[in-house]
Amino acid sequence: MKQTRQQHIVELLSGCDWLTTDALAQTLAVSKETIRRDLNGLQQQGKILRQHGRARLIQPDSRDGGEPFGARLKSHYADKADIARHALDWVSEGMTLALDASSTCFHLARQLPDIELTVFTNSLPICHEMARRERITLICSGGTLERKYRCYVNPALVTQLKGLEIDLFIFSCEGVDEEGTMWDPVEHNAAFKTQLLGRASQSLLLIDKSKLQRSSDVKIGLVSQVTQVITDAHPSRR
C-alpha cells in the first residue's frame with residue numbers, strides 16, 4: 001500500500017509545479033503525517049524536492065538546477081555579507097581554512113584580513129580574492145573549471161586532502177530541510193562539502209533564512225555534523 005501510495009504521489013506531482021502536504025492528504029484520503037512519511041521516503045530516493053510544506057517532482061533533465069554564481073551573489077547580498085562578518089570571529093592567525101564555492105564564502109573571503117593563514121578552496125572568485133593577500137597561503141583544489149558555478153571539480157580531491165590538515169571548514173548549502181539534512185543542487189559541489197565536512201576539525205555552516213526548510217537534489221550530510229550554524233534567522237547567531 002505504501003509503495004502504491006507513493007507512486008500516486010509521483011503521478012500527482014508530475015502534473016503540477018508544486019503540491020502542498022494538505023492537498024496530497026486530502027486527495028489520497030490519508031493523514032498529513034502519512035503524507036509526510038511518504039514524502040520523506042520519496043525525498044530519500046531523490047525523486048522530489050520539499051520546501052515549506054509543499055513538494056515537487058525532480059525532472060530527470062533538471063539535475064543541474066543550481067543558480068549561476070553571479071545570480072547567487074546578488075541574492076540576499078546584505079544578509080550574506082553580515083553572516084560572513086560574524087564568521088570572522090572563528091578565524092585566527094595560523095589556521096588552515098577550507099572554503100567552498102558559495103557566494104556567502106566569497107563574502108567572507110572579501111572580508112578576511114591579510115594575516116598568516118592557509119586557505120584551501122575550489123572557488124575561482126575566492127582564489128582571485130586571496131591572490132591579493134600577501135600573507136595568506138592559497139591552495140586551489142584545481143581540476144576542471146565549471147564556469148556556471150565558478151568552481152573547480154577535481155576527481156583526485158580525496159588524495160589531495162590526505163596531506164592537508166583542515167582546522168576549519170566554512171561552507172553554505174542550498175537548503176536544510178525539516179529533518180536537518182543539508183542539500184545541494186549539484187553532485188560535485190555536494191561531494192566537495194561532504195569530503196571537507198568529514199576531514200575538518202571544526203565546521204561552520206553559513207546560511208540565510210531563505211534556505212531553511214528547503215531541500216534540493218543531492219545530500220551533503222546532517223546539520224548535526226556541523227560545529228556551528230551562523231544564520232540571520234534568529235536574533236542570536238550562536
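**View 1. Packing of helices α1 and α2.** Helix α1 (residues 2-14) packs against α2 at an angle of about 120°, and their axes lie 11 Å apart. Axes here are lines fitted to C-alpha atoms, for helices over the stretch in contact, and angles run from 0 to 180 degrees between N-to-C directions. This angle makes α1 oblique to α2 (under 35 degrees counts as roughly parallel, over 145 as roughly antiparallel, 65 to 115 as roughly perpendicular and the rest as oblique). The model is predicted: local features need pLDDT of at least 70, side-chain atom pairs count only at pLDDT 80 or more, and totals for chains, interfaces and linings use all residues. Residues are numbered from 1 along each chain as its sequence is written, and side-chain values use heavy atoms, with hydrogens and water left out. Helices are DSSP runs (H or I, at least four residues), numbered from the N terminus. In α1, Arg5, His8, Ile9 and Leu12 meet Leu24, Thr27 and Leu28 of α2, where contact means heavy atoms within 4.5 Å.

**View 2. Packing of helices α2 and α3.** Helix α2 (residues 21-28) and helix α3 (residues 32-44) cross at roughly 110°, and their axes come within 9 Å. The angle makes α2 roughly perpendicular to α3. From α2, the residues in contact are Thr21, Asp22, Leu24, Ala25 and Leu28, and from α3 they are Lys32, Ile35, Arg36 and Leu39.

**View 3. Packing of helices α5 and α6.** The axes of helix α5 (residues 77-87) and helix α6 (residues 103-111) are 8 Å apart, at an angle of about 55°. That angle makes α5 oblique to α6. Residues of α5 in the contact include Tyr77, Ile83 and Arg85, and those of α6 include His107, Leu108 and Gln111.

**View 4. The largest pocket.** About 350 Å³ of space lies in the largest pocket. Of its 26 lining residues, Arg72, Cys173, Glu174, Pro185 and Lys211 are the closest to its centre. A pocket is an open set of points on a 1 Å grid over the protein atoms alone, where a 1.4 Å probe fits, with protein on both sides within 12 Å along at least five of seven lines; lining residues have an atom within 4 Å of a point. Grid points are joined across faces, edges and corners, and the volume is the space filled by probe spheres set on the points. Helices α4 (69-74) and α9 (187-199) each supply at least two lining residues, and α9 gives the largest share, 3 residues.
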